[in-house]
Amino acid sequence: MLFVSRVKNKITRWFKKDFYFYKNFLGADRKIFTHLTDEEKKLLHVLSKHYVKKHAVVVEIGSYLGASSCFLANGLISNQGTLYCVDTWENDAMTEGKRDTFAQFVNNTKRYKDIIKPLKGRSNIVVELFKDMSKKIDFLFIDGDHNYIGCKSDWDNYSPFLVRGSLVAFHDTGWADGVKRVVKEDVQEKHKKIFELPNMQVFQIN
């Protein structure tokens, strides 16, 4: 009976932890190297699938190898949204050192090529291209340069495209002092926090 109980508990834990990924055909995407936790991946997917309107415009600043991009893009399939990924793909903000990661990103995200639109370059330069598109942002995910100046620049440059009801998520709010400062000074007193994980905070624009 003890053995049966242990097996049952193991299966229950598997369903709670893993079933979501397989139910949503995210098993392969989950294997892409990333600094995101499973809970953060799930939250990004839930937000892009259930918390944005049809034909949503989502912008991700800092895409790295494409793991977070895949979870966001998968969630956008049902509402026919578009994901703009902004990155230099030169590992500028990563501790592992400079290298070209664009080919890996393209390969990892290839099944979402009709949803993902890469915008290659520094976020403060790419924003000019985004202005030319005359689009509003329904969901902004900021996970680029984590120092104060970099994060502040991303917020100041891209937040004007957000409208009432839009979402913004900040990654690394648990440890990055620059990100925490931007959230404290510019976001948390003005907008409604709707989700929080140990290292991620999500706000709805008022």
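Okay, a quick caveat before the packing. What we have is a predicted model, where local features need pLDDT of at least 70, side-chain atom pairs count only at pLDDT 80 or more, and totals for chains, interfaces and linings use all residues. Residues are numbered from 1 along each chain as its sequence is written, and side-chain values use heavy atoms, with hydrogens and water left out.

Let's start with the cores. A nonpolar core here is a set of buried Ala, Val, Leu, Ile, Met, Phe, Trp, Tyr and Cys residues joined through side-chain atoms within 4.5 Å; buried is under 20% relative accessible area, exposed over 50%, partly exposed in between, with a 1.4 Å probe and protein chains only. The largest core has 32 residues, and Leu-44, Leu-76, Leu-83, Tyr-112, Ile-116 and Phe-139 touch the most other members. Helix 3 gives the largest share, six residues. Helices (H or I, at least four residues) and strands (E, at least two) are DSSP runs, numbered from the N terminus.

Take Ile-116: beyond its neighbours within four places in sequence, Ile-116 is in contact (heavy atoms within 4.5 Å) with Ser-69, Ala-73, Leu-83, Cys-85, Phe-105 and Thr-109. There's another core apart from the largest one, of 26 residues, including Val-86 and Cys-151.

Now, how do helix 2 and helix 3 sit? Their axes come within 7 Å and cross at roughly 30°. The axes are lines fitted to C-alpha atoms, for helices over the stretch in contact, and angles run from 0 to 180 degrees between N-to-C directions. So helix 2 is roughly parallel to helix 3; that label needs an angle under 35 degrees, with over 145 being roughly antiparallel, 65 to 115 roughly perpendicular and the rest oblique. On the helix 2 side, Lys-41, Leu-44, His-45, Ser-48 and Lys-49 make the contact.

Helix 5 (residues 123-133) and helix 6 (residues 148-158) are the other pair: their axes come within 10 Å and cross at roughly 10°. They are therefore roughly parallel to each other too. Ser-123, Asn-124, Val-126 and Val-127 of helix 5 meet Ser-153, Asp-154, Asn-157 and Tyr-158 of helix 6.

Last one: is Thr-101 buried or exposed? Thr-101 sits in the loop between strand 2 (82-87) and helix 4 (102-108), and counts as buried because its relative accessibility is 1%. Setting aside neighbours within four places in sequence, Thr-101 is in contact with Tyr-64, Leu-65, Trp-89, Glu-90 and Asn-91.
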